[in-house]
Amino acid sequence: TTTLCSSLPPPHKQQASTIYITMADSYRDFIAGTVGGFSGKLVDYPFDTVKVLLQTQNSLSSQPHSKSIKHTKIKQPIYRGAIHCLSHTIRTNGVMSLYKGLPAPLMGSMAENSVLFLSYSEVRKRLGEKPGEKELTIFELACSGAVAGGIASFFLNPFEVIKVQMQVMNSSNAVR
């Protein structure tokens, strides 16, 4: 028994190694979320730009000069659909115009996903999950996701506001 006890590290060293492993897992989750947010936004952003252009086309094509409904002319939409919007935008402003205003949402997506991954992992740990020993129930996993999503939404909102403003500026330039 003496050799078995002597091979175990002292309690304070066990705790330090557990903290190190936990920190390493946290860094891993943070980095994975950051990279996931970056790559996902690069793929998603042109589609989001087309969506915003389609949603705002009527407000851009008909700017009423008075508040009276009688004097407001409603013009035809600029785009006939998503594919027409995409091709028109590329033809008139180039492919890179689909990425106009990307830095703010890119940073937002990276921040959101890194916080989401990190907080999801931390909530699971706080609920007592230990890989290989104790697995969480579906309900506990769902609660972990809900809490993590709520935490991450606070980080995303300011970036979303900036993103939509930049996309609308892009669409108003396309109309002129």
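Contact means heavy atoms within 4.5 Å. The model is predicted: local features need pLDDT of at least 70, side-chain atom pairs count only at pLDDT 80 or more, and totals for chains, interfaces and linings use all residues. Residues are numbered from 1 along each chain as its sequence is written, and side-chain values use heavy atoms, with hydrogens and water left out.

View 1. Helices (H or I, at least four residues) and strands (E, at least two) are DSSP runs, numbered from the N terminus. Leaving aside neighbours within four places in sequence, E129 is in contact with R124, K134, E135 and L136. The side chains of E129 and R124 make a polar contact at 2.7 Å; such a contact is a pair of N or O atoms within 3.5 Å, where within protein one must be able to donate a hydrogen and the other to accept it, and residues adjacent in sequence count only if both atoms are side-chain atoms. E129 counts as buried because its relative accessibility is 13% (buried means under 20% relative accessible area, exposed over 50%, partly exposed in between; 1.4 Å probe, protein chains only).

**View 2. The aromatic pair of the structure.** The structure holds one aromatic pair. The ring centres of Y45 and Y99 are 6.4 Å apart and the planes lie at 20°, so the pair is stacked. Rings of Phe, Tyr and Trp (its six-membered ring) pair if their centres lie within 6.5 Å; planes under 30 degrees apart count as stacked, over 60 as edge-to-face and the rest as tilted. The pair links distant parts of the chain, 54 residues apart: Y45 is in helix α2 (residues 11-61) and Y99 in the loop between α3 and α4. Y45 is buried, with a relative accessible area of 0%, whereas Y99 is partly exposed at 25%.

View 3. V164 belongs to helix α5. V164 is partly exposed, at a relative accessible area of 36%.

**View 4. V95 in the loop between α3 (82-93) and α4 (103-126).** V95 is partly exposed because its relative accessible area is 47%.

**View 5. The whole chain.** Five helices and zero strands make up the secondary structure elements, in the order α-α-α-α-α from the N terminus. Of the 176 residues in the chain, 29% are buried. Among contacts between residues at least 6 apart in sequence, 72% join residues at least 24 apart.
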